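Good morning, everyone, and thank you for making time for this. Please bring the structure up on your screens, and we will walk through it together, starting with charged pairs and then moving on to strands and single residues.

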Amino acid sequence: MGKLFTRWFAQIHVSLSLEWQLDTGGRIRAPPTVDRGMVFVAGDDHHVYALDADTGGVEWQFETNDIIRHSPTASVDTVYIGSDDKTVYALARSDGSVRWTFAADRRITCSPVVDDGTVFFGSTDGHMYAL
C-alpha cells in the first residue's frame, strides 16, 4: 500500500556577525546586484552605489533626478539603472561615468535586462523598449 517516510531535520546553529553596512539615507526597494566582486544598490535617495563586496567601501556613486525602485543590472563594463526620472542610465562600471542615457515618456518600471548587446526595459508610458 503506502510507504511511511520519516524525515529528520537537524537543528543548525549559525553564528552571524555584521561584516559591513552602508547608510544610504533612503529606503532601498529592490535587491542589490552582486557581480564580479562588486555590489550595486540603489534607492530612494536617488543614488546608485558601487561597493566593494568584501569591505563595503564605496567605489563610486551616481545621482539621478528621482528615486530608483529597481535593481541595477551589471555587465562586464556597464551598469544599467532605470529611474523614476523617466531615464535609463548606462554607467561605466569602473567609475560610474555616464556612457549614455535614454529618456522615456514616463518612469521606468523594471530593472533593465541585457541580452546580446541589447538593453530591454519597460515604462509606465505603456511601452517596452529595446535599445
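Let me begin with the salt bridges, of which there are six, where a salt bridge means a side-chain nitrogen of Lys or Arg within 4 Å of a carboxyl oxygen of Asp or Glu. As background for those who are new to this, side chains of opposite charge can pair when their charged atoms come close.

Before the details, please keep in mind that this is a predicted model, in which local features need pLDDT of at least 70 and side-chain atom pairs count only at pLDDT 80 or more, while totals for chains, interfaces and linings use all residues. Residues are numbered from 1 along each chain as its sequence is written, and side-chain values use heavy atoms, with hydrogens and water left out.

One of the salt bridges is between the side chains of Asp44 and Arg27, with 3.3 Å from N to O. Asp44 sits in the loop between β2 (38-42) and β3 (47-52), whereas Arg27 belongs to the segment before β1, so this pair ties together parts that are 17 residues apart in sequence. When I say strand, I mean a DSSP run of E with at least two residues, and the strands are numbered from the N terminus.

Are these two partners buried or exposed? Asp44 counts as buried because its relative accessibility is 18%, and Arg27 counts as exposed because its value is 52%. The cut-offs here are under 20% relative accessible area for buried, over 50% for exposed, and partly exposed in between, with a 1.4 Å probe and protein chains only.

Asp44 also meets Arg29 in a salt bridge, this time with 2.6 Å from N to O between the side chains. Arg29 lies in the segment before β1 and Asp44 in the loop between β2 and β3, so parts that are 15 residues apart in sequence are tied together by this pair. With a relative accessible area of 35%, Arg29 is partly exposed.

A further salt bridge joins Asp35 and Arg93, whose closest N and O atoms are 2.7 Å apart. Because Asp35 is in strand β1 and Arg93 is in the loop between β7 and β8, the pair links parts that are 58 residues apart in sequence. Both ends count as buried, with Asp35 at 18% relative accessibility and Arg93 at 12%.

Now let us turn to the strands. In general, strands of a sheet pair through backbone hydrogen bonds, either parallel or antiparallel. In this model there is an open sheet of four strands in the order β5-β6-β7-β8, with antiparallel pairing. Its edge strands are β5 (73-74) and β8 (98-103), each of which pairs on one side only. Two bridges join β5 to β6, and two strands count as paired if DSSP finds at least two bridges between them. Thr73 stands opposite Tyr80 in β6.

Elsewhere, β3 and strand β4 (residues 58-63) pair in the antiparallel sense over five bridges, and His47 has Glu63 in β4 as its bridge partner. These two strands, β3 and β4, form a hairpin with five residues between them, and Gly56 in the turn has a positive phi of about 80°.

Finally, I would like to look at two serines. Which loop holds Ser83? Ser83 is placed in the loop between β6 (78-82) and β7 (87-92), and it counts as buried because its relative accessibility is 0%. A polar atom of the Ser83 side chain lies 3.4 Å from the backbone oxygen of Asp66 and 3.3 Å from the backbone oxygen of Ile67.

Ser71, for its part, is in the loop between β4 and β5, and at 13% relative accessibility Ser71 counts as buried. A polar atom of the Ser71 side chain is 2.5 Å from the backbone oxygen of Pro31. Leaving aside residues up to four places away in sequence, Ser71 touches several residues, including Ala30, Thr33 and Ile81, where contact means heavy atoms within 4.5 Å.

Notes
Polar contact = N/O pair within 3.5 Å; in protein donor to acceptor, adjacent residues only side chain to side chain.
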